[in-house]
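Okay, thanks everyone, I'll keep this short. Have a look at the structure on the screen while I talk.

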Amino acid sequence: QPHPPPPLPPPPPPRAGDAAAAAAAASAGQAHEALSQAKDQLADERRRVTQAEKKMAAIAEEIESLRAAAAENLARAEAFESRARVAEASAMAHAETLRQQQQLLTQQERMMQQQQQQQ
């Protein structure tokens, strides 16, 4: 009858150098994973910054456009106000002319009435 093979000897106890190498390999793996995650986070952050910069540039353009429109509207308003002042002065001068003409007509009517009464 054949004998069963002898049991395998137990594995040798780990040597300190092997444990340190295994720990270093695990640590290096973790460091590599952490570095990879940090790179991904940095890329995400750069994308967010780029998007924010684009939004800020668009907002700055809109502000500049609004400033230009406001300046144009202000210039129009000032021109309108100036024309309104000229028109008001002209209307007042015309009103004064009409008042003077009315006085002259009233005086002429009185004179004609006096002349008629004298006749």
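Predicted model: local features only at pLDDT ≥ 70, side-chain atom pairs only at ≥ 80, totals over all residues.

**Surface, shape and salt bridges**

How much of the protein counts as buried? Out of 119 residues, 0%.

Now the fold, if you want to call it that. We have 1 helix and 0 strands. The radius of gyration is 51 Å, well over the 14 Å that the globule rule gives for 119 residues, so the protein is more spread out than a compact globule. If you box the C-alpha atoms along the principal axes, you get roughly 180 × 30 × 15 Å. The helix, helix 1, covers residues 16-118.

On to charges. There are 13 positive and 15 negative side chains, and the centres of those two sets lie 2 Å apart. As a reminder, side chains of opposite charge can pair when their charged atoms come close. How many salt bridges does the count give? It comes to 6. Let me walk you through some of them.

Take Arg-76 and Glu-72, whose side chains form a salt bridge at 2.6 Å, N to O. Why can these two reach each other along the chain? They sit 4 residues apart in helix 1, so about one helical turn separates them. Arg-76 has 51% relative accessibility and therefore counts as exposed, the cut-off being over 50%.

Next up, Glu-81 and Arg-85. Here the salt bridge is 3.1 Å, again N to O. Glu-81 and Arg-85 are also 4 residues apart in helix 1, which puts about one helical turn between them. On accessibility, Glu-81 comes out partly exposed with a relative accessible area of 41%, and Arg-85 is partly exposed as well, at 49%.

One more: Glu-96 with Arg-99. Their side chains meet in a salt bridge at 2.3 Å, N to O. This time the spacing in helix 1 is 3 residues, and that is still about one helical turn. Glu-96 is partly exposed at 32%, while Arg-99, also partly exposed, has 40%.

So, the picture to take away: 1 helix, 0 strands, 0% of the residues buried, and 6 salt bridges in the count. That's it from me, happy to take questions.

Key:
Residues numbered from 1 in each chain as written. Heavy atoms only, no water. Salt bridge = Lys/Arg side-chain N within 4 Å of Asp/Glu carboxyl O. Helix = DSSP H or I, 4+ residues; strand = E, 2+ residues; numbered from the N terminus. Buried < 20%, exposed > 50% of the residue type's maximum accessible area, 1.4 Å probe, protein only. Rg over C-alpha atoms; globule rule 2.2 N^0.38 Å. Lys, Arg positive; Asp, Glu negative; His and termini not counted. Charge placed at Lys NZ, Arg CZ, Asp CG, Glu CD.
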